[in-house]
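Please look over the sequence and the structure before reading on.

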Amino acid sequence: MPHARGQDDMTRAFYPGSFDPMTNGHLDILRQALAVFDAVIVGIGVHPGKTPMFSFDERARLIANCVGGTSEAELHVVAFDNLAVDAAVNAGATAIVRGLRDGTDLNYEMQMSGMNGVMRPEVTTVFFPASPATRPITATLVRQIARMGGDVSAFVPANVAEAIRGKTA
Ligand code: ADP
């Protein structure tokens with residue numbers, strides 16, 4: 001007998017990455033994931049040895065501010081420093097979201113999803129294709145361009161461009 005969809009039937013996805021900073025590419029994938037899943041938990045990987053351009057709090061605020069019209073229940077940002085599959089399980093997610101830009105991403109992501117699937121068979125990796133306009137964007141290049149005084153406003157949401165100007169001015 002069919003039952004009403006309740007809280008426990010919610011589809012939750014975990015979207016891990018560095019998001020240093022959030023780019024139009026990340027935002028494109030996040031929007032696609034929000035359209036498919038009931039809730040998306042963005043996991044910001046924090047590595048003790050690495051000095052990011054933006055702190056966790058700054059990155060979390062930029063992500064929340066560039067996705068309008070979502071509730072806390074639909075979009076949530078957390079930090080993680082363990083395996084993404086373990087962080088996904090801790091977040092109550094049954095799927096890991098990843099974006100695919102090109103064949104290089106595909107090869108690497110297939111390896112990761114294959115090994116993650118062995119470690120945590122209950123978590124499925126779901127790939128979303130990068131939209132054509134965002135395919136060339138990487139956060140690493142955005143940081144490099146910004147540090148050399150270039151204009152990154154075509155590659156990141158407006159609030160991120162403003163935050164970058166604040167860091168590099
Ligand atoms: P980056 O590779 O830019 O440093 P992350 O490590 O934060 O980004 O990557 C998090 C996820 O976002 C990965 O699944 C990555 O493939 C995806 N991603 C990053 N940039 C893009 C983009 N331009 N289009 C689609 N997906 C992207």
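The sections below treat the model, the ligand site, and several individual residues.

## Basis of the model

The model is predicted: local features need pLDDT of at least 70, side-chain atom pairs count only at pLDDT 80 or more, and totals for chains, interfaces and linings use all residues. Residues are numbered from 1 along each chain as its sequence is written, and side-chain values use heavy atoms, with hydrogens and water left out.

## The ligand and its shell

The shell around the ligand holds 18 residues, and the closest are Y15, S18, G99, T134 and I137. A residue is near a molecule if one of its heavy atoms lies within 4 Å of it. At least two shell residues come from each of β1 (12-17), α1 (24-36), β4 (95-100) and α4 (103-119). These elements are DSSP runs numbered from the N terminus, helices being H or I with at least four residues and strands being E with at least two.

Sorted by class, the shell contains 7 nonpolar, 7 polar and 4 charged residues. In this scheme Ala, Val, Leu, Ile, Met, Phe, Trp, Tyr, Cys and Pro count as nonpolar, Asp, Glu, Lys and Arg as charged, and the others, Gly among them, as polar.

## Polar atoms facing the ligand

Which atoms of I137 lie 2.9 Å from a nitrogen atom of the ligand? A backbone N or O atom of I137 is at that distance. A nitrogen atom of the ligand is also 3.1 Å from a polar side-chain atom of R101, and an oxygen atom of the ligand is 3.2 Å from a side-chain N or O atom of R98. The protein buries 90% of the 540 Å² that the ligand exposes when taken alone; such areas come from the Shrake-Rupley method with a 1.4 Å probe, and for residues only the protein chains shown count as cover.

R98 is part of strand β4. The side chains of R98 and E109 are joined by a polar contact of 2.9 Å. A polar contact is a pair of N or O atoms within 3.5 Å; within protein, one must be able to donate a hydrogen and the other to accept it, and residues adjacent in sequence count only if both atoms are side-chain atoms. R98 counts as buried because its relative accessibility is 19%. Buried means under 20% relative accessible area, exposed over 50%, and partly exposed in between (1.4 Å probe, protein chains only).

Most residues other than glycine have a negative phi, and most peptide bonds are trans. F19, however, has a positive phi, near 50°, and the peptide bond from D20 to P21 is cis, with omega near 0°.

F19 is buried, since its relative accessible area is 2%. M22, in the loop between β1 and α1, is also buried, at 1% relative accessibility. Along the chain M22 and V78 are 56 residues apart, and their C-alpha atoms are separated by 14 Å.

## Two further residues

D86 belongs to helix α3 (residues 84-90) and is partly exposed, with a relative accessible area of 24%. Its side chain makes a polar contact of 3.0 Å with the side chain of R120.

Is A73 buried or exposed? A73 is exposed, because its relative accessible area is 56%. A73 is placed in the loop between α2 (56-66) and β3 (75-80). A73 and D38 are 35 residues apart in sequence, yet 8.5 Å apart in space from C-alpha to C-alpha.
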